[in-house]
Amino acid sequence: MKKAHKLFLIQISVAVVLFVVLASLTKTFFYKDENIKGYLAINDGVKEMAGTSSDFLDTLIVRNDVTFDPTSGKELERVFKHLKYSNKEKFLFVGSSQLRVIQGENTSVSYESLVTKKFEKFSNGRFQVYNLSLGGMSNPEKLIVSKKASEVLKPENVLISVTPWDCLLDKIRLGVTTIENQKFTNRPNLVEDLEYAENDLLFPLNVNQKITERIENTIDKSLTIYSKRTGIKQWLNDEFEKAINPTNDSLDNTNEVPTSSIADYWLTLHQDLDNRFGWDNKVYKTGKRSLKIVNAEGKRARWLGTPISLEIPTETFEFEGWSKSDSVTVSKTGLYAIDYQITFIDDTKQWYLDNLIFENGTHDWEQVKTTVTFDKKVKTIKPVLMFFEGKGTVWFDDIKAFPIIDGIKSENIIPNPSAEIELTERQDTSYTYSEEEWVKIRENIFSVIDYLSSNQAENKYLLLTPFWHTDKKSAYPQKAEYENLVNAVKQYCEQKNVKCIDASYILNEDDFGIYAAGSVRDKIDVLHFGVRAHEELAKFIIEKLN
Amino acid sequence: MIFSTTIFLFFVVIIFSVYWGLLGLVKDESKRLKARILFLLLASYYFYMSWNPTFIVLILFSTLVDFYAGKEIHATKSQRKKRFLLIISLVVNLGFLAYFKYTNFFLDSINQISGIVSENGGTNFFLDIVLPVGISFYTFQSLCYTIDIFYGKMKPSKNIFEFSLYISFFPQLVAGPIVRARDFIPQLKKNTFFTDINFQLAANYFIMGLVKKVLIADNIAPISDALFSDPSQYGTLSTWVGVMAYSIQIYCDFSGYSDMAIGVAALFGFKLMENFNMPYTASNVTDFWRKWHISLSTWLRDYLFIPLGGSRGKEQTYYRNLMITMLLGGLWHGASWNFVVWGGLHGLALIAHKLYKTHVSAKFQFGNLASSVYRLASWAVTMVFVSATWVFFRAQTFSDSWSIIKNMFLFKKSIDYQIPIEFLLLLLIMVIAHYFGVRFFNKIEQNKNHVFSNPYIQAAIWGLAMFIVLLFGQDDNQAFIYFQF
């Protein structure tokens with residue numbers, strides 16, 4: 001053997017030895033960490049989520065019951081390769097998470113409660129239903145998946161669901177791109193044919209997949225740094241943070257027990273404390289509470305409220321607020337201030353924080369106060385208590401805004417200004433859009449209608465999905481804009497011979513779920529609904545069929 | 001099979017073992033060579049068919065047409081017949097490319113125009129066409145074979161298997177580098193020995209490519225994805241961060257793939273051309289095109305720009321030829337007006353640079369300090385231009401492109417959505433590392449006494465690189481950006 005090649009073999013050996021040493025050291029230190037259970041839980045949780053959905057797909061394949069993608073696009077190719085064959089009249093559903101999520105439940109477990117399964121059941125077995133909806137499915141994705149599924153299944157009925165929120169999405173995920181240029185066939189499920197379908201052609205190109213799985217399982221079992229890498233990455237991240245911030249006690253939240261849950265109206269983002277711990281009961285100006293920010297890393301931290309609509313639009317306001325600081329430094333591009341997002345009656349927007357900026361360093365309660373007259377009437381304001389790119393600790397209290405109408409100062413309009421009131425009613429998310437965005441939403445829905453119109457199916461449906469609403473609030477608070485959109489969509493559907501099913505308001509407020517308590521998204525999930533609602537929607541669609 | 005997957009590594013190990021091990025047992029040199037070529041050819045076809053088996057028919061047909069066209073072009077003395085055969089080759093190759101890649105682009109353009117002029121909403125033409133992977137690359141490779149034979153630059157291959165392997169050699173089949181027949185086919189005639197292989201070089205290239213692709217490109221992708229999926233939510237600084245992230249991503253993705261291709265080819269004794277040469281150190285756009293996707297830019301120069309007339313004749317003709325080349329070069333990248341605009345902008349920049357060089361800079365002489373400042377400023381302007389034009393390459397729609405460009409150059413403050421500004425610093429570090437990194441790599445290749453040329457240090461770097469790639473690689477294998485071509 002040539003000397004150079006002997007040397008190369010030695011090099012490979014050195015590389016492998018170093019790799020093994022690094023992997024072993026990482027594993028050893030990782031497992032010695034006192035929070036190892038937490039890290040393993042994170043790792044296994046993420047894997048389980050992926051694995052569960054993948055395992056569930058395996059189960060569906062074995063049962064020859066693939067009519068749904070539990071992996072939400074990650075293994076869409078496998079879904080398409082194994083779509084259930086049926087001689088029955090086929091009904092294809094394509095939409096976003098609303099059609100595939102039972103709020104608060106694991107899809108693999110609650111799969112049978114989905115709207116499409118209920119639809120299949122309530123139609124007394126007339127249809128073979130396919131639900132190829134994906135979480136956060138964008139318009140382009142809906143079109144690609146519908147087209148591909150129509151090619152394979154040749155369904156007699158196609159339904160695509162839309163809601164303004166998903167009509168602004170443009171991204172196409174990898175799983176959808178993967179199937180876009182592929183050909184799939186749909187054969188009857190005979191055992192021989194299943195094997196033939198697996199191999200697809202005269203020689204086994206799909207052996208790649210089997211080999212890949214075997215190799216990856218082997219690596220997964222023998223290499224901790226691979227199988228536990230999510231947990232290890234989290235651990236490394238925390239070790240790094242500890243190394244650069246060794247004495248920051250405020251990061252250690254486990255010694256503080258919140259005495260109550262969260263403040264009404266206010267939410268915090270991008271700081272070291274969450275909504276519970278940030279609602280401080282130790283330092284305050286008035287009452288017994290204030291809003292605290294701890295920003296060890298100079299992140300873009302803030303407390304923010306939701307937009308407040310003025311009953312009578314006005315140009316003049318008096319803004320005031322108090323803040324206390326501890327060891328605050330703010331970078332040149334940072335901000336430590338009360339800022340307002342102002343929306344004028346012509347829908348233009350502006351940020352305003354003049355004379356509402358606090359001093360850096362350490363100081364006791366400092367007040368900022370200003371009166372401003374804008375050049376246009378204001379219809380909404382949204383307060384943001386900023387601690388952008390600043391390091392240290394700050395507290396905010398008594399945040400008030402007084403509209404001045406015809407020279408007369410009105411009452412404060414900011415809810416819970418002293419952060420005294422605890423949230424009793426969960427906040428809701430709402431989605432508001434600019435005029436341009438409403439136009440884009442309409443154009444995107446029209447493109448879906450155009451596609452449906454050109455689809456070869458006998459019956460084509462556009463479903464406007466339900467959303468959370470009460471007498472006073474709604475997921476889409478711009479009622480007039482939403483109604484205009486619906487009317488335009490209905491008209492266009494009629495023109496294009498597509499049936500429009502408007503399910504916007506068919507559900508009750510109780511049908512909608514809630515995100516995890518204490519998290520930033522500690523709110524009502526205004527777009528995803530529960531078991532009863534899925535059933536209700538299924539019945540509604542059946543009623544509206546041709 | 002994507003290069004950064006375990007199945008591809010498994011595939012290479014099997015092919016390598018058979019190529020050098022099993023086939024190495026064939027004693028007769030000429031039989032051994034033939035067996036290896038045939039084996040690599042079958043392996044390459046298998047590799048291609050793992051994407052989509054049906055399209056092997058296209059490659060086979062294209063191969064047969066060009067093999068026989070090349071043979072006949074060389075054999076015939078009639079210029080007219082030569083030209084006719086060349087046209088057949090062009091029509092077949094470009095015809096396939098046009099049909100599979102550009103049909104719906106043209107139909108969509110017709111639909112858009114008719115939508116504007118017609119009162120009835122216009123036409124709605126669409127054909128359901130699947131794009132074969134790598135068609136843009138192997139088509140160009142096949143064309144340069146017949147064109148070179150036509151111009152007498154090379155003789156045709158007498159062995160159809162050799163020629164087929166040249167077209168379909170798996171390391172560069174789906175995303176380049178675009179290899180010239182006159183560079184590659186002679187390598188197939190040489191009986192390379194196992195002892196000739198520079199395994200260190202191959203390993204260095206492959207691992208470097210893997211790190212660029214898996215560690216950098218895949219991990220930086222979410223930053224640019226965040227911007228391009230919803231540009232309206234970001235302010236100026238964040239937009240710049242997202243755009244620079246994409247600049248780094250596309251470079252690391254594509255050059256990483258090229259490096260892996262070079263490394264894998266080297267394992268079998270084949271030398272592929274370098275495709276990138278520190279493009280982000282270019283001090284002007286002309287320089288950039290000498291360093292970016294070199295195999296494509298030289299192909300366009302030799303087979304499009306020069307046949308159009310090149311720089312011969314009037315200045316205006318030169319600019320016209322340059323613009324046509326860049327517009328078509330843009331269109332080659334994708335069936336969308338975004339890519340045409342991207343090519344057009346680069347064409348304009350090349351023309352502007354040429355005018356500047358001829359009429360302005362030639363008149364000035366700088367001292368040392370001024371010269372350094374001038375070079376730095378030139379580099380900065382070039383980087384800004386290249387990064388800004390990547391927007392058209394990546395954005396989903398033309399209006400998104402325009403929205404991002406506006407955000408970049410007209411200050412826009414946005415508070416609700418921000419891509420972390422720390423990444424701007426990280427990206428600047430990466431740009432600097434790019435400059436020093438490749439120089440460093442070239443230095444250690446040339447200087448065997450350099451400490452990093454020490455084989456044990458290199459081995460340690462390989463071990464560390466594999467450890468980092470395995471630990472920090474993204475879970476989803478993002479297909480190489482250029483695979484869409």
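Select A:K299, which is partly exposed, with a relative accessible area of 28%; buried means under 20%, exposed over 50% and partly exposed in between, with a 1.4 Å probe and protein chains only. This is a predicted model in which local features need pLDDT of at least 70 and side-chain atom pairs pLDDT 80 or more, while totals for chains, interfaces and linings use all residues. Residues are numbered from 1 along each chain as its sequence is written, chains are lettered from A and ligands numbered from 1 in the order in which they are written, and side-chain values use heavy atoms, without hydrogens and water.

A:K299 and A:D272 form a salt bridge, with the closest N and O atoms 3.4 Å apart; the term requires a side-chain nitrogen of Lys or Arg within 4 Å of a carboxyl oxygen of Asp or Glu. A:K299 sits in the loop between β6 (290–295) and β7 (300–304) of chain A, and A:D272 in the loop between β4 (267–269) and α12 (275–278) of chain A, 27 residues apart. Helices (H or I, at least four residues) and strands (E, at least two) are DSSP runs, numbered from the N terminus. A:D272 is buried at 13% relative accessible area.

Next, select A:R300 and A:E389. Their side chains meet in a salt bridge of 2.7 Å, N to O. A:R300 belongs to strand β7 of chain A and A:E389 to strand β10 (residues 361–405) of chain A, 89 residues apart. A:R300 is buried at 17% relative accessibility, and A:E389 is buried at 14%.

Move to chain B and pick B:K212 and B:D259, whose side chains form a salt bridge (2.8 Å, N to O). B:K212 lies in helix α9 (residues 199–229) of chain B and B:D259 in helix α10 (residues 236–267) of chain B, so the pair ties together parts 47 residues apart in sequence. B:K212 and B:D259 are both buried. Over all chains, the count comes to 30 salt bridges.

Now the sheet in chain A. Which order do its strands take? The open sheet of 5 strands runs β2-β1-β3-β13-β14 (chain A), with parallel pairing; two strands pair if DSSP finds at least two bridges between them. At the edges are β2 (127–131) and β14 (499–502) of chain A, each pairing on one side only. Neighbouring strands are turned by 20° against each other on average, direction ignored; axes are lines fitted to C-alpha atoms, for helices over the stretch in contact, and angles run from 0 to 180 degrees between N-to-C directions.

Strands β1 (residues 89–94) and β3 (residues 157–162) of chain A run parallel and are joined by 4 bridges. Helix α13 (residues 435–454) of chain A packs on the sheet, touching β3 and β13 (459–464) of chain A, and its direction makes about 165° with that of β13(A); contact means heavy atoms within 4.5 Å. Helix α15 (residues 531–544) of chain A lies across β1, β3, β13 and β14 of chain A, at about 145° to β14(A).

Finish at helix α18 (residues 455–472) of chain B. Its 18 residues should span 26 Å at 1.5 Å a residue, and the end C-alpha atoms are 25 Å apart, which agrees; the expected span is 1.5 Å times one less than the number of residues. Buried residues in α18(B) include B:P455, B:W462 and B:F467.
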